[in-house]
Amino acid sequence: MSADLPWSPAEFEARLRAKESGYHIHHPFNKRLNSGALQPFQVRGWVANRFYYQQAIPMKDAAVMANCEDRATRRRWIERMLDHDGHLDHEGQYSEKTAGGIETWTRLGMAVGLSREDLWSHRHVQPGVRFAVDAYVNFARRAPWREGVISSLTEMFAPKIHADRLAGWPSMYPWIAAEGLAYFRSRIPLAQRDVEHGLEVAIAFGDTRAKQERALEILQFKLDVLWSLLDAVERAYPDDLPEERRP
């Protein structure tokens with residue numbers, strides 16, 4: 001009988017957080033990226049492919065909101081879209097502070113030697129990346145909104161990966177302009193805010209053992225999306241990639 005009882009909120013949260021072992025911070029490609037072992041073309045390939053994920057985030061968030069009947073949740077959740085799409089300041093302009101994560105990632109792309117057209121055309125996006133990201137957006141469109149929220153809980157693990165890049169990249173990749181790292185700096189406090197909300201929803205959702213186990217399955221799905229993205233990038237940009245195929 002006890003095997004069917006829900007875990008306590010603390011144990012449930014601990015089990016969600018334990019999923020960190022499958023986060024893409026542990027992927028071999030990311031380990032090489034964050035140890036300074038990649039060539040410039042490999043960094044550019046990663047930035048260009050990850051951009052496909054970045055520009056899909058507000059579409060995923062819009063899908064979660066479209067499925068959500070709770071007004072209070074929508075009021076909080078819409079901030080996530082604005083974080084990425086940006087918003088107008090009090091003068092009706094997009095400023096440095098309001099440009100949003102997609103714009104700051106675009107600036108990262110330019111800092112590593114890509115053009116806006118390289119990023120926005122998706123010319124470098126690998127099929128495996130496209131498949132994984134599209135699967136994530138489609139999940140958010142079709143799933144109940146609480147499940148969509150739970151899929152975003154990989155944010156629990158994001159501050160560490162951003163902090164590692166901020167700490168290591170300036171010395172390991174000095175050819176990347178410092179202003180290009182603004183995305184990673186901005187995401188640390190925003191991720192912490194988003195995790196607080198996401199855990200509230202997850203813990204309220206997990207009022208039975210079956211629903212708690214479903215939440216763990218959803219989080220694993222999202223971890224698999226991120227891992228698959230790096231699998232595709234790693235395969236596309238080996239160390240000996242011919243010059244003419246390098247971004």
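Trainee: Leaving aside neighbours within four places in sequence, which residues is Arg-146 in contact with?
Mentor: Arg-146 touches Glu-69, Val-201 and Phe-205, once its neighbours within four places in sequence are set aside. Keep in mind that this is a predicted model.

Trainee: Where does Arg-146 sit?
Mentor: Arg-146 belongs to helix 8, residues 145-151.

Trainee: Is Arg-146 buried, exposed or partly exposed?
Mentor: Arg-146 has 35% relative accessibility, so it counts as partly exposed.

Trainee: And how far is Arg-146 from Phe-131, C-alpha to C-alpha?
Mentor: Those two C-alpha atoms are separated by 23 Å, and the residues are 15 apart along the chain.

Trainee: What follows helix 5?
Mentor: Gly-113 follows helix 5, and its phi is positive, near 110°.

Trainee: Take helix 3 and helix 5. At what angle do they pack?
Mentor: The angle is about 175°, and the axes are 10 Å apart. Helix 3 and helix 5 are therefore roughly antiparallel.

Trainee: Which residues make that contact?
Mentor: Helix 3 contributes Trp-46, Val-47, Arg-50, Phe-51, Gln-54, Gln-55 and Pro-58, while helix 5 contributes Ile-102, Trp-105, Thr-106, Leu-108 and Gly-109. By class, the contact of helix 3 with helix 5 has 7 nonpolar, 4 polar and 1 charged residues.

Trainee: What about helix 3 with helix 7, parallel or antiparallel?
Mentor: Helix 7 is residues 127-142, and it packs with helix 3 at an angle of about 10°, the axes being 8 Å apart. The two are therefore roughly parallel.

Trainee: Which residues meet there?
Mentor: On helix 3, they include Asn-49, Tyr-52, Tyr-53 and Ala-56, and on helix 7 they include Val-129, Val-133, Tyr-136 and Val-137. The class count for the contact of helix 3 with helix 7 is 10 nonpolar, 1 polar and 4 charged.

Trainee: Now helix 4 and helix 10. How far apart are their axes?
Mentor: The axes of helix 4 and helix 10 are 11 Å apart, at an angle of about 160°. That makes helix 4 roughly antiparallel to helix 10. The crossing of helix 4 with helix 10 is left-handed.

Trainee: Which residues are involved?
Mentor: From helix 4 they include Arg-76, Glu-79, Arg-80 and Asp-83, and from helix 10 they include Arg-187, Arg-193, Asp-194 and Glu-200. The contact of helix 4 with helix 10 divides into 3 nonpolar, 4 polar and 8 charged residues.

Trainee: Last one, His-27. Where is it?
Mentor: His-27 is in the loop between helix 1 (9-18) and helix 2 (28-33).

Trainee: Why does His-27 count as buried?
Mentor: Because its relative accessibility is 1%, and buried means under 20%.

Trainee: What polar atoms lie around its side chain?
Mentor: The side chain of His-27 makes a polar contact with the side chain of Asp-231 at 2.7 Å. A polar atom of the His-27 side chain also lies 3.0 Å from the backbone nitrogen of Phe-29. Neighbours within four places in sequence aside, His-27 is in contact with Trp-227, Leu-230, Asp-231 and Glu-234.

Technical notes. Residues numbered from 1 in each chain as written. Predicted model: local features only at pLDDT ≥ 70, side-chain atom pairs only at ≥ 80, totals over all residues. Heavy atoms only, no water. Helix = DSSP H or I, 4+ residues; strand = E, 2+ residues; numbered from the N terminus. Axes fitted to C-alpha atoms, helices over the stretch in contact; angles between N-to-C directions. Parallel < 35°, antiparallel > 145°, perpendicular 65-115°, else oblique. Contact = heavy atoms within 4.5 Å. Nonpolar A, V, L, I, M, F, W, Y, C, P; charged D, E, K, R; others polar. Buried < 20%, exposed > 50% of the residue type's maximum accessible area, 1.4 Å probe, protein only. Polar contact = N/O pair within 3.5 Å; in protein donor to acceptor, adjacent residues only side chain to side chain. Left-handed = near helix turned anticlockwise from the far one by under 90°.
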